[in-house]
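Open your viewer, switch to a cartoon view and get ready to select a few stretches. We will go stop by stop.

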Amino acid sequence: MTSTETTLSSPAEPPQGPAAVADRRRWFALAIVMTAAFMDLVDVTIVNIAIPSIKQDEGASFSQIQWITAGYALAFAAGLITGGRLGDIHGRKRLFLVGIGGFTIASALCGFAANPEMLVASRILQGGMAALMVPQVLSIVHATFPAHERGKVFGLFGAIVGLGAVSGPLLGALLTEWNLFGLEWRPIFLINLPVGIAALILGRRFISESKAPKALKLDLVGVALVTLGLLMLLYPLTRGRELGWPLWGYVSMGGALLVFAVLVAYERRKAARDGSPLVELSLFKVKSFAAGIAVQTVFGVGLGIFFLVWTLYMQVGLGWRPLRAGLTGVPFSIAVSAAAGMSVQLLVPRFGRKVLQAGALIMAAGVLLYIWESERYGLSIASWQMALPLVVMGAGMGFIVAPLTDAVLSEVPREHSGSASGLINTVQQMGNALGLGLVSVVFFGQIGDRLTPAQVGPAFVNGFQHALGWVVAVMVAIFLLMFALPKRPAQHVEGAEDTAAGEPENANPAAGTPVSDSEPALLG
């Protein structure tokens, strides 16, 4: 159908002929990429609830169970921006299919892991494949849908995010509890196989290929330096307590600072040479962006500490079954989703930055209430008694997570908004990995090495309270850092319409090419 014919048609008339086929294809493509995004979201939350079962079944050490989660976050963070740029260069459809195929294979390796070492390695591979897959999701949406339809599409993505937050822990609990075919915790990974295979087959048929007209070059040296620095920092944190805090651990953590200094120097040279650094250092001259990156990093640390410790507290310390632990977290997930929608639609337009700061204080209040209830009720605490602090914490978190990206990006020059958006997602994942590494210090360091069965419960309750004290400190730090954010995020206009050949001018948030600031940051 030509453009003239489109104009003459009635607005209510459904597409006919080839246009109808194209219309159906793009909605099939949307369903496929949304399924992949949902699979990634669920995979992050589904593992936490099964961690105690994995530890018991595989005999994994405390440091190994940290790396089951931290390894995924680290690989995902390190590859996120590069994955986006690879899609821009070689095609978003191609990289999406490679990513989802690799993610499916890695899931199978996780499900059939013969020992903890294989499971950790498979999780790292899974995170790396997610870094190829996830950045293509929003890019494919941009290339497939015109600007006037993207609001509806991103509304669907918001619903998927909420559904993933609620269903992940419940699905993990059910699959672990049911012990399907005697496989115990393994179905939490194997469930990805039919979904991934279907997405791979359908994606080849229905997703249209697209590339960026002017894609940035890769910065593999930058990726290597970031990964090396984080490993030098995280590995001693996770293994130090078990090994008696050897000297090499302190040397490694100190050396990580040197590696990050080398990274900064290299990125400056890379920017001057070809304008395609992994990290756009000029962004940090914008006070609100620099503060926002600090908020995202510290917030990731707090979440990394809380969710792993919370799972161990309920299932190991209190001796609860996975299903009970999963159901206990439902009020938290619902509160996050409800508060996130309320903050963006009603509160932030009226009160601006104060909403985010209130969220930090509300979350801190919820954590303090949780500590008080844990001390008061001890090992006899019930799920319903946890509901109030979890709802308060969830409301606080919802006030932060939804509007934070827009607040951080609001003063960033539009030509750098894509680089900034990719960096926001990357540092949050890095903060999460760092928080998971710190669990050795703030939790396992409090519970002792050799506990009798009678000592396990009280030790884990005490360790939980101590770790939550650190989370409170994180929330206070976030509250103070938020004073550097703009009082009211700037009102952004919708990005330009698609350019020639159907390629969106605002392409890929992880690739360094611009993206509309009003649209959500990457999933995952």
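Here, buried means under 20% relative accessible area, exposed over 50%, and partly exposed in between (1.4 Å probe, protein chains only). This is a predicted model, where local features need pLDDT of at least 70, side-chain atom pairs count only at pLDDT 80 or more, and totals for chains, interfaces and linings use all residues. Residues are numbered from 1 along each chain as its sequence is written, and side-chain values use heavy atoms, with hydrogens and water left out.

Start by selecting Asn179, in the loop between helix H6 (147-178) and helix H7 (187-190); helices are DSSP runs (H or I, at least four residues), numbered from the N terminus. Asn179 is not a glycine, yet has a positive phi of about 55 degrees. Most residues other than glycine have a negative phi.

Stay in that loop between H6 and H7 for Glu184. Glu184 also has a positive phi, near 55 degrees, and counts as partly exposed at 32% relative accessibility.

Next, select residues 116-144, helix H5. Of its 29 residues, 21 are buried, so H5 is largely enclosed by the rest of the structure. Look at Val137, where H5 bends by about 30 degrees; the bend is the angle between axes fitted to the seven residues ending there and the seven starting there.

Finish at helix H15, residues 383-409. Center the view on Pro403 to find a kink of about 45 degrees.

Note on methods: Helices (H or I, at least four residues) and strands (E, at least two) are DSSP runs, numbered from the N terminus. The expected span of a helix is 1.5 Å times one less than its number of residues.
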